[in-house]
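Here is a short briefing to read alongside the model. Please keep the viewer open as you go through the points.

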Amino acid sequence: MEYVSAIVPPLVMAIGFGFLVRAIIRSQGGNQKGKEDLAAEALVRASAAQQSAE
């Protein structure tokens, strides 16, 4: 029975990681794409403005 208690935590973590990857992939594009693009552009503009101010 020790092998069951040894395999359960990595198995749970692997399943959780799979769900995380799935959620990340599903959130790309579609309705979220515009918000992601705007956020990325805002970060780039803020970075560029900060560098030009220095």
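Phe17 sits in helix α1, a helix being a DSSP run of H or I with at least four residues, numbered from the N terminus. With 56% relative accessibility, Phe17 counts as exposed; the cut-offs are under 20% relative accessible area for buried, over 50% for exposed and partly exposed in between, with a 1.4 Å probe and protein chains only. The model is predicted, so local features need pLDDT of at least 70 and side-chain atom pairs count only at pLDDT 80 or more, while totals for chains, interfaces and linings use all residues. Residues are numbered from 1 along each chain as its sequence is written, and side-chain values use heavy atoms, with hydrogens and water left out.

**Overall form**
- The chain has two helices and zero strands, where a strand is a DSSP run of E with at least two residues.
- Its radius of gyration is 20 Å, whereas a compact globule of 54 residues would come near 10 Å; this radius is taken over C-alpha atoms, and the globule rule is 2.2 Å times the number of residues to the power 0.38.
- Along the principal axes, the C-alpha trace spans about 65 × 30 × 5 Å.

**Distances between residues**
- From Phe17 to Glu41 there are 24 residues along the chain, and their C-alpha atoms are separated by 29 Å.
- Val8 and Leu43 lie 35 residues apart in sequence, with 41 Å between their C-alpha atoms.

**Surface**
- Of the 54 residues in the chain, 0% count as buried.
- The accessible surface comes to about 5,000 Å², and carbon and sulfur atoms account for 67% of this area; areas come from the Shrake-Rupley method with a 1.4 Å probe, and for residues only the protein chains shown count as cover.
- A nonpolar surface patch is formed by Met1, Tyr3, Val4, Ile7, Val8, Leu11, Val12, Ile15 and Phe19, with about 950 Å² of accessible area together.
- For such a patch, residues need over 30% relative accessible area and no salt bridge, and nonpolar side chains (Val, Leu, Ile, Met, Phe, Trp, Tyr) are joined within 5 Å.
- Val8, one of the patch residues, belongs to helix α1 (residues 2-26) and is partly exposed at 38% relative accessibility.

**Charges and the salt bridge**
- Side chains of opposite charge can pair when their charged atoms come close.
- The structure holds one salt bridge, defined as a side-chain nitrogen of Lys or Arg within 4 Å of a carboxyl oxygen of Asp or Glu.
- Glu41 and Arg45 form this bridge, at 3.8 Å from N to O.
- Both residues lie in helix α2 (residues 31-53), four residues apart, or about one turn of the helix.
- Glu41 is partly exposed at 39% relative accessible area, while Arg45 counts as exposed at 60%.

Methods
Patch = residues over 30% accessible without salt bridge, like charges linked within 9 Å, V, L, I, M, F, W, Y side chains within 5 Å.
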